[in-house]
Amino acid sequence: MARRTPRNQSSASRNDRSGNRSDNRSNHRSGNRRRLSQNFLNDPGTARWVVRLAGVAPEDLVVEVGPGDGAITRFLAPAARKVVAHELDPRLAARLADRYRDPALGVRVVHGDFTRARPPREPFAVVGNIPYSRTADIVRWCLEAPELTSATLVTQLEYARKRTGVYGRWSRLTVLTWPWWSWRLAGRISRDRFRPVPRVDAGVLVLRRRTEPLVPRARGGEYRRMVELGFGGVGGSLSASLCRAYPAARVAAALREAGIAPDTPVGLVAPDQWVAVFRFLAG
């Protein structure tokens, strides 16, 4: 039931109500930022450094993920032939589109979810300070884009470390894609370079498509099945996992060839060693 406002309400109370509306708008914007994982890069030097790490050339087509208020777009635009910036927040998308409305600037702003967009049909690179909550979806989109040459992504530092073997352990995703993609942690960005300030530091994760695959595409299915077998096994060691499908003597020989001790846990096997094991087992 709606509550009636008392007739004798003071002007001070009405002013308080007006102030609350302002606070509500502010809280709405803050809630929107949290929902969209918006932490804007506010240091120009860092934004320029991210673009430099991406190695953008004058003939390149670049797709930017989550440009926000355009901190990275500012340096991408003069460096690339064309920039297509995907922004989910309608307010920010409209503001950025207005800033780059001149076609000569070479920036096209797209309002929408980047992960639902069709990748370009020509070679292109991805660059972006991405929403942390969408990292897995965005990385998956990049890995599945046929014409993508590289992706330079500002992610949570912990994500980048886990994907690049910083702790001496390697993730299934990295191993699965290693024959065709290199994964590198290119640097760290302090959390105080963002607004609002996130709880953790960021890392710059660089994915690059290999010009010469370590495993032929035609053998990709075999390689992936071996990796899934290795990660999905029993006993924790790569040897125990692979022996479920390959002769024990052949597995032992493959591990020796790759320099892997028989009792090495699966997560401690480096991607290049997985490739060496595959080459041996596949003949």
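Angles here run from 0 to 180 degrees between N-to-C directions, and the axes are lines fitted to C-alpha atoms, for helices over the stretch in contact. Helices (H or I, at least four residues) and strands (E, at least two) are DSSP runs, numbered from the N terminus.

A word on the source: this is a predicted model, in which local features need pLDDT of at least 70 and side-chain atom pairs count only at pLDDT 80 or more, while totals for chains, interfaces and linings use all residues. Residues are numbered from 1 along each chain as its sequence is written, and side-chain values use heavy atoms, with hydrogens and water left out.

Two strands pair if DSSP finds at least two bridges between them. Strand 2, residues 61-65, and strand 3, residues 82-87, run parallel and are joined by 5 bridges. Within that pairing, Val63 has Val84 of strand 3 as its bridge partner.

Which strand holds Leu153? Leu153 sits in strand 6, residues 148-156. With a relative accessible area of 0%, Leu153 is buried; the cut-offs are under 20% for buried, over 50% for exposed and partly exposed in between, with a 1.4 Å probe and protein chains only. Leaving out residues up to four places away in sequence, Leu153 touches Val126, Gly128, Ile130, Val139, Gly203, Val204 and Leu205. Contact means heavy atoms within 4.5 Å. Ile130 is 23 residues from Leu153 along the chain, and their C-alpha atoms are separated by 6.5 Å.

Thr177 belongs to helix 7, residues 172-177. At 12% relative accessibility, Thr177 also counts as buried. Its contacts, not counting residues up to four places away in sequence, are Leu143 and Trp183.

On to helix packing. Two packed helices are described by the angle between their axes and the distance between the axes.

Helix 10 (residues 248-258) and helix 11 (residues 271-282) have axes that come within 8 Å and cross at roughly 135°. The two are therefore oblique to each other; under 35 degrees counts as roughly parallel, over 145 as roughly antiparallel, 65 to 115 as roughly perpendicular, and the rest as oblique. On the helix 10 side, the contact includes Arg250, Val251 and Glu257, and on the helix 11 side Gln273, Phe280 and Leu281. By class, the residues of this contact are 9 nonpolar, 1 polar and 2 charged. Ala, Val, Leu, Ile, Met, Phe, Trp, Tyr, Cys and Pro count as nonpolar, Asp, Glu, Lys and Arg as charged, and the others, Gly among them, as polar.

Helix 11 also packs with helix 8, residues 220-231, at an angle of about 115°, with the axes 10 Å apart. Glu222, Tyr223, Met226, Val227, Gly230 and Phe231 of helix 8 meet Trp274, Val275, Val277, Phe278 and Leu281 of helix 11. This contact has 9 nonpolar, 1 polar and 1 charged residues.

Finally, the totals. The chain has 11 helices and 9 strands. Of its 283 residues, 45% count as buried.
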